[in-house]
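I opened the notebook to record a few local features.

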Amino acid sequence: MSNATLELPAWDLDPIFPGLESPQFARAWEAVKVHLGELKAFCSELKSSDFPELVNKLNSFGEDATPVYAYLYLLTSVNSLDTAAQAKLSEMQIMFLEYQKLRPRLNTFFASLEPGSAGEYRILVEEARVKARHQMSEPEEVLAAELALSGSTGWVKLHDNLTSQILVTVGGQELPMPATRNLAADPNEAVRKSAYDAELAAWKANQTAIAAALNGYKGSVSTLNRKRGWADDLEPELLANRISRATLGAMQAAMVGSFPHWRRYFGAKAKALGKARLDWWDLFAPLSAPAGHQPMSWDWETGRDFIVKHLATFSKDDAELAERAYAQRWTDAPPRRGKQGGAYCLGVGRGLSRILTNYQPNFDAVTTMAHELGHAYHNHCLRDAPYLLRTEPMTLAETASIMNETVVGEAAMEVLPPADQLVVLEGGLQNAGQVIVDIHSRFLFESKVFARRRERELSPEEFCGLMLDAQQQTYGDGLASYHPYMWAVKGHYYGSNFYNFPYAFGLLFGLALFRRYQQEGPDFVARYDQLLASTGKYSVEELAAQFGFDLESEDFWQGGIDVLVGRIDQFERLVG
């Protein structure tokens, strides 16, 4: 494999639209406006016989709006200084508010139908019946949608804008907060500790405004949930994720039962770093390579070849989709000023996707690409589904990405030398530890915040206390120190609710599917593709039952946990 560093590709958006000022974009924009106007007029008086035509109009509107919204989002993701795209995206969001205001009427209409008469749209009718029982009057719901732009959305913008502009002084250098947090992966503990201390000081200096944002957002959500008659603030999120409370409980019981094993992993990593116990600033610390060993450099071409080669051993179609994505420049890879951090995959219509990443020449970046290509493959499998049945719940959205990531990671553990295996394995355990241990701390924290926010606002000190308590319950004595301001760090608390347990579901469900693949071999792949194509039609329990999985049984979730425990055992052996 070549270790040469090649120029990283920027994505090609011309197949979507050749430019913001192009006639193609102008025509598509007008088509969205026309379809929205027709949809609003059609919904003014709905009869049960209108169901087929209504579904067609909703699907047409969604098909037209998808590439327009995606194009604007993609432009602003790689260049936040593109004022023309930012303005047009804002205009699109305001236009989409008119669609949101139709939701109460659509819910009422769908709820009036018999599920059996809705054909493949049965789940939408069943969910509408639940939503209709928790719906305010139509004028109240419309008002709530309009107020959201200046209410809950305003609090989200405050958090986003404020935290993106915080500068932190580390070692005499002024850094933005994301760059400061990236120092958690520095090989020098003194640098990591200095960055941790400076980060906490910066959060404390801004805690009043950030606490106001969290109080404001969660207060708005909780007020509406109470007005709509939900039993608690978790109930509507269970519906949105198409998961039962019993399934969530069984999964979390398996997660909690695994915490002693994760503390073994933290202890083994501490030993490898020459410490008695890990501190918070050591969680993402890299392990040193053995003397004389030069770690492998994963340039773009090397990563591409590795991913395509090993996906082909699992699924020919999956590998071909990955090849197409590379050849047609679906990915924007180079980090640069004005570009969003992290990584994502966005469907742009007709089963096609675009991927944003900030590629670095290491195996973690390779697994990130494999992960995002899994999302692209999922979009590909959904290409023939109508728009209304193409949006999968968050619980199922990680299925294909975890499968791709697992296939590539397992291949690396088979073909790489032991020293490189250790890097691959530890990187995977870092990520899985976040999904199992840290995710549960976030769930505990958010549950407590919602419960107390129904009574009154919380102070920054109270948020810190709840966060420390949640971390102590999950990390336990595996760590010597914690991070009391993670409530300020994680944007998932602002703009969404309980955006934590779906990640754990995705990881453990994906590992269960991989185990089934290992048992069944190639015969598994066709059923796997059918599952991906059906994620918009069924609850998670119904889909899992097609594979004989009982998600309300703790034993099912223990299967995924056992895979991770095996990796912890292997890590202990390699470290030793």
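I started with strand β1 (residues 167-170) and strand β2 (residues 173-176), which pair in the antiparallel sense over four bridges. The model is predicted. I looked up T169 and found E174 as its bridge partner in β2. The two strands form a hairpin, with two residues between them. In the turn, G171 has a positive phi of about 60°.

**Helix α9.** Next I took helix α9, residues 189-205. It has 17 residues and reaches 24 Å from its first C-alpha to its last. That is close to the 24 Å expected at 1.5 Å a residue. Which residues of α9 are buried? I listed R192, A195, Y196, A198, E199, L200, A202 and W203. I then asked what the buried residues of α9 pack against. The partners are α7 (152-165), β1, α8 (177-182), α10 (207-227) and α21 (486-489).

**Open sheet.** I moved on to a sheet of three strands. Its order is β3-β5-β4, it is open, and the pairing is mixed. β3 (331-332) and β4 stand at the edges, each with a single partner strand, so one side of each has no neighbour in the sheet. I checked β4 against β5 and found antiparallel pairing over five bridges. Y344 has L356 in β5 as its bridge partner. Helix α2 (residues 51-78) lies across β3, β4 and β5. I noted that α2 runs at about 145° to β4.

**Two positive phi values.** Most residues other than glycine have a negative phi. R350 is not a glycine, yet has a positive phi of about 60°. I placed R350 in the loop between β4 (344-349) and β5 (352-356). Is R350 buried or exposed? With a relative accessible area of 60%, R350 is exposed. F498 is not a glycine either, and has a positive phi of about 50°. F498 sits in the loop between α21 and α22 (501-520). I looked up its accessibility as well: at 3% relative accessibility, F498 counts as buried.

**H440.** I found H440 in helix α19, residues 418-453. Its relative accessible area is 7%, under the 20% cut-off, so H440 is buried. Which residues does H440 touch, not counting residues up to four places away in sequence? I wrote down Q252, M255, V256, F259 and T474.

**Helix pair α4 and α5.** Last, I turned to helix α4 (residues 103-111) and helix α5 (residues 122-133). Their axes come within 8 Å and cross at roughly 115°. α4 passes α5 in a left-handed crossing. From α4, the residues in the contact are N107, F110 and A111. They meet L124, V125, A128, R129, K131 and A132 in α5. I sorted this contact by class: six nonpolar, one polar and two charged residues.

Terms used: Residues numbered from 1 in each chain as written. Predicted model: local features only at pLDDT ≥ 70, side-chain atom pairs only at ≥ 80, totals over all residues. Heavy atoms only, no water. Axes fitted to C-alpha atoms, helices over the stretch in contact; angles between N-to-C directions. Left-handed = near helix turned anticlockwise from the far one by under 90°. Contact = heavy atoms within 4.5 Å. Nonpolar A, V, L, I, M, F, W, Y, C, P; charged D, E, K, R; others polar. Pairing = 2+ DSSP bridges. Expected span 1.5 Å × (residues − 1). Buried < 20%, exposed > 50% of the residue type's maximum accessible area, 1.4 Å probe, protein only.
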